[in-house]
Amino acid sequence: MIHSTAIIGPDANIADNVKIGPYCVIEGDVTIGEGTVLESHVVIQGPTVIGKNNHFFPFGNIGAAPQDKKYAGEATTLVIGDGNTFRENVTINRGTIQDRGETLIGDDNWVMAGVHIAHDCVVGNHCIFANATALAGHVTVNDWAILGGYTLIHQFCQIGAHSFCGMGSVVNQDVPNFVIVSGNLAKPRGINQEGLKRRGFSSEQTNLIKKAYRSLYRTGNKLSIAIEELKSYNDDSGTLDSLIHFLQTSNRGIVR
């Protein structure tokens, strides 16, 4: 399962049924879980931990040192979960000691060609990053978020669950759960109604999210007042709990 031209360092820990294609390079403290496939010319540098059933396409550089001038060779890490796809020319950097010391990628994400995920980013599960999307350092992307092609995310921003960034968006503030944004700079355009439908949200839940969107964006309320209004809704399903928490913990302010 390992091509004869691949170069595997002595510190690598590779499961028995991992496929490693021609001219791949694995160096440093790297662990690769069962069922993972590396096509040709993939470079993985450690310390990096990769879970099961991931698929890396050619010319990716996974686990390289962070692009941060403060970095001085510390043993920071990259951790990748299970079932992710990383297409051609994807680059993912390890963390820095100035933050969590770890870049973290969850499960079942679809990362298209040319995407860059910088140091100390945290990516949840079931996210889609279209071609040439770039995350600056310290970005958090929550579950089921979709970033359209050539989206740029400023450092320390948070992207909420089930949100959608349109093609070419330039995001310099937090994007709340369920919200569609687009533009340079990105502005809110509505809720991700199609995405919610695909993921099984009921009409009652969707209507509640629409009502929350109106409180945030259509009434002219200050954010603190909008949050209190959201808390007052009859939300027995808990649909808005994660949105309220997101708004209360936003450090950069939300896209408005």
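Strands β8 (residues 48-50) and β11 (residues 77-80) run parallel to each other and are paired over three bridges; two strands count as paired if DSSP finds at least two bridges between them. Strands (E, at least two residues) and helices (H or I, at least four) are DSSP runs numbered from the N terminus. This is a predicted model, in which local features need pLDDT of at least 70, side-chain atom pairs count only at pLDDT 80 or more, and totals for chains, interfaces and linings use all residues. Residues are numbered from 1 along each chain as its sequence is written, and side-chain values use heavy atoms, with hydrogens and water left out.

**The eight-stranded sheet**

- β8 and β11 belong to an open sheet of eight strands with parallel pairing, in the order β2-β5-β8-β11-β14-β17-β20-β23.
- β2 (13-14) and β23 (158-159) are the edge strands of this sheet, and each pairs on one side only.
- Pro47 is in the loop between β7 (43-45) and β8, and the peptide bond that joins Gly46 to Pro47 is cis, with omega about 5 degrees.

**The ten-stranded sheet**

- A second open sheet has ten strands and mixed pairing, in the order β3-β6-β9-β12-β15-β18-β21-β24-β26-β27.
- β3 (19-20) and β27 (187-191) stand at its edges with a single partner strand each, so one side of each has no neighbour in the sheet.
- β24 (residues 164-165) runs parallel to β26 and is joined to β26 by two bridges; Phe164 stands opposite Ile180 in β26.
- β26 and β27 run antiparallel and are joined by four bridges, with Pro188 of β27 as the bridge partner of Val181.
- β26 has Val179 and Val181 on a covered face, while Ile180 and Ser182 are on an uncovered one.

**The β26-β27 hairpin**

- Four residues lie between the strands of this hairpin, in which Gly183 takes a positive phi near 105 degrees.
- Leu185 is in the loop between β26 and β27, and the peptide bond from Asn184 to Leu185 is cis, with omega near -5 degrees.

**Helix α2 and Thr206**

- α2 lies across β26 (179-182) and β27, and runs at about 155 degrees to β27; the angle is taken between N-to-C directions on a scale from 0 to 180 degrees, with axes fitted to C-alpha atoms, for helices over the stretch in contact.
- Thr206 has its place in α2 and is buried, with a relative accessible area of 9%.
- Buried means under 20% relative accessible area, exposed over 50%, and partly exposed in between (1.4 Å probe, protein chains only).
- Apart from neighbours within four places in sequence, Thr206 is in contact with Ile191, Gln193, Leu196 and Phe201; contact means heavy atoms within 4.5 Å.

**The cavity**

- The structure holds one cavity of 30 Å³ or more.
- A cavity is a set of points on a 1 Å grid over the protein atoms alone where a 1.4 Å probe fits but cannot get out, and lining residues have an atom within 4 Å of a point.
- The largest cavity contains about 40 Å³ of space; grid points are joined across faces, edges and corners, and the volume is the space filled by probe spheres set on the points.
- Its lining consists of Asn177, Phe178, Val179, Ile191, Ile209, Ala212, Tyr213, Leu216 and Leu243.
- Helix α2 (residues 203-217) provides the largest share of that lining, four residues.
- The lining of the largest cavity has eight nonpolar residues, one polar and no charged.
- Ala, Val, Leu, Ile, Met, Phe, Trp, Tyr, Cys and Pro count as nonpolar, Asp, Glu, Lys and Arg as charged, and the others, Gly among them, as polar.

- Phe178, in the loop between β25 (170-171) and β26, is not a glycine but has a positive phi of about 75 degrees.
- Phe178 counts as buried at 2% relative accessibility, and is one of the residues lining the largest cavity.
- His162, in the loop between β23 and β24, is not a glycine either and has a positive phi of about 65 degrees.
- His162 is buried, with a relative accessible area of 11%.

Technical notes:
On a 1 Å grid over the protein atoms alone, a cavity is a set of points where a 1.4 Å probe fits but cannot get out, and a pocket is an open set with protein on both sides within 12 Å along at least five of seven lines; lining residues have an atom within 4 Å of a point.
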